[in-house]
Amino acid sequence: MLQLYSTLIMHADFDAFFASVEQALDPNLAGRPVIVGGRETDRSVVASASYEARALGVKTAMPLSQAKRLCPRAVFLRGSHKRYTAASQAAFSVFDRYTPTVQSASLDEGYLDFTHCARLYAWEQKCLEHAVDWQTVAEQIKNEVKQQTGVNVSIGIGSNKLVAKIATTLAKPNGIVQVWPGYEAAFVAPLPVGAIPGIGSRTAEILGTFNVKTVDQLTRLSRDLLVRTFGTYGRVLYSAARGIGSVVLPPPERPKSISRETTFEADTDDPTTIEGMLYYLLERAAHQMRSIGLRARSVSVRVRYSDFQTLAKSKRLDQPTHLDVELYRTVLHLLERVHIRRMRLRLVGVTLSQLSEARSYQEDLFNPSDYAAHRDLLESVDRIRNRYGFGSVIAGRALNLMKDHARDSGGFQLRTPALTR
Amino acid sequence: MKIKMSLAELSAAWGVLTTAVPQRSPRPVLSNIKIRSAEQVELSATDLDIGIRYVFEEAQIEDQGEILVNAEKMSRILRENPSDSIEMEGTENGTRLSYGSDEFHLPGEDPSHFPASPEFKGKKMFEIDKGVFQTLIRQTAFSAAHEETRYALNGVLLELSGTEFKAVATDGKRLTLARTKCKGGKGMEFKALVPLKGIQALDKILSLDDVSIELGADDGNLYAKTKRAEVICRLLEGNFPEYEEVIPKGYENRVKLNRQVLASKLRLADAFTTEETKAVKMHFEKGNLTITAQGPESGEARVVMAVEYEGAPMDIAFNPQYFLDGMKVLTDESVLLEIQDANASAKLTAGEAFTYVIMPLSLD
């Protein structure tokens, strides 16, 4: 009989993350071996290698010189953490749309808890809860991440985090592997012990002395023996060998701040461009902040002059707010205090911080606010943008950017890829 | 110069005078308090925005002259409350302080470098009862702003027109107006926007003892005079808002509330708010006022008090602290609350003398 998932976790992991991001951003790199970690002459190691390079034997953590010997025609790149963070954020915002419970394990890897979403997807797929086709949901996620970031993601589906994560390794590259409920133990049994996350060469070596090479063999060791040998970790091993893992995702951490910044195509002192760009960056930051239900108590503005001098100022607001119009008033006020030299700017940025879940707005005696109107307007704009892309609505002084910035549904094309999804 | 002063009186006076001593100043001489002995002993302090002069009562003058005493050092001596009296003497290279077996030397600074106290003679002033005035400033000062950007709100507006004396303060979210009849100053115009620091100094001076205070203002300064002390304070520049326009003439929905019960219920609900979600919802219906509070981490509270409310059922959200601040400065048994709807201000009054206007919160 078909068993039902009582819990359902998906694990998503980018394929060759850094290298794939580079390939996605530069079409010239598509299909070529790409190695991120440094120039081929650098005395560093491979941080990420594209599948084209892996085919020639290049592996992560291999010295670059060795990679160069294996794959002399590879494109070697230093890489940019900023670009990877941006791609990662884009992917996680896709995940967030599929389930409210997402745990980021690292930049390129995350868990999605669907345990309490079955009814929602049953409704969408017009079927009963137990009949939801999770494979289709995973495919939708894959496609959307690919569309947003240009990078392939592999997905493992299982009843717990352990099984989902192991399934992902088998799904790579660019695949989906689903472990049916009730088959967890059978799924892990034939794998080498090294397939269990956390078992490194040292643990594998110790297990080797017990003549344990596969997970199936591991199940023959008693819990007592494992605890005596490995301490508390022995208990984890005992469960893992039987396909039992955690189903609990820690609650998402509230970010400390949300920033958006970008470098101008050419340094500028044109106030309409500077104010327009700050408005656009503020909108992007505030949109992100609202999407996670937060409000900001503090705003800061950062500028970098042509000579690379950087100035930043911040201001604590009277009360937390999530309204663009109020935040922008402070941004303009701060811009006056940082744009004080007669020199062009090369970069501007906005940071929202002291974030909280405040849900009230204190009205003013002398300046009647249009709080409810602004709030409702933004709610609608956010909905439109979530559906048709950020660039589907251009508002306020961001209109200033239209004359000399290319634009698509994702928004204006800026030099910061995070803002050019 | 040589004098002997009562330590109890010095302690009280020092507490008042130090409000005018700047924390940091480009002029180090201002970190001192000047003591001058002639026919009587006078203490003065100033940060150039506010100046206080105090005439000492219990001092024995052995020799006339002027000395400077570091305010902070003396405060620390007084904190130990070491004796009944203290001797001060100007020496060649500074000041000597002593009592019992303890003795201190302060390095010399030239008392002539200390700014002179302004003259009060010839100022047009009017008199008002000390207790009444103190009540007025205490009932209003709490609602003043503490903000750089709304500079003109960082104080209390004192106003005399005809026989009515008013104090008004607002931070833009709430406004307090306290008023009294004042017989002194007939036909005199008086309007002064006094910074909170000045208000604080006046309050402290009135807590020493006296029966009345005289007030006057000209050229951007406030002059205040009691039996023992004189205060001059630079007024706030900028325009205080047209406050009368935001005081509702009166709403249809009125409810009489027991002040202490309301405060107690609000404190209970307030315990279930957080700094992030400082909000309570007040639900008015026939016979009852229900106050609720809730936060994602702080839990939920629902408290009910019986009231004589006859109007339509209504929900309004407020920062509970605003109400509690108001309850604290009143002594009346009951207050009258007038409300209109969830978006309009609420008006709380205690007779004719006290009016408090509070803006609501918009809740999502």
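Predicted model: local features only at pLDDT ≥ 70, side-chain atom pairs only at ≥ 80, totals over all residues.
Chain A has 421 residues, while chain B has 364. The largest nonpolar core takes in 65 residues, with Leu10(B) and Met88(B) among those making the most contacts inside it.

**Chain A**
- You'll find 15 helices here, along with 15 strands.
- Some 47% of the residues in chain A count as buried.
- Take the contacts between residues at least 6 apart in sequence: 63% of those in chain A link residues at least 24 apart.

**Chain B**
- Chain B goes for strands, with 26 of them and six helices.
- Buried residues make up 55% of chain B.
- For chain B, 68% of the contacts between residues at least 6 apart in sequence join residues at least 24 apart.
- Its accessible surface is about 17500 Å², with carbon and sulfur atoms accounting for 44%.

**The cores**
- In the 65-residue core, Leu43(B) and Phe165(B) join Leu10(B) and Met88(B) as the residues with the most contacts inside it.
- That core lies between domain 1 (2-113) and domain 2 (126-244) of chain B, because both domains give residues to it.
- Leaving aside residues up to four places away in sequence, Met88(B) touches a set of residues including Met1(B), Ile3(B), Met5(B), Leu10(B), Ile35(B), Val69(B) and Leu97(B). Lys2(B) and Arg96(B) are also among its contacts.
- Another core, of 37 residues, lies apart from the largest one; Ala118(A), Val132(A), Ile141(A) and Val151(A) are among its members.

Technical notes:
Residues numbered from 1 in each chain as written. Chains lettered and ligands numbered in written order. Heavy atoms only, no water. Helix = DSSP H or I, 4+ residues; strand = E, 2+ residues; numbered from the N terminus. Buried < 20%, exposed > 50% of the residue type's maximum accessible area, 1.4 Å probe, protein only. Contact = heavy atoms within 4.5 Å. Areas by Shrake-Rupley, 256 points an atom, 1.4 Å probe, with all protein chains shown as cover. Core = buried A, V, L, I, M, F, W, Y, C linked by side-chain atoms within 4.5 Å. Domains from an automatic or database assignment.
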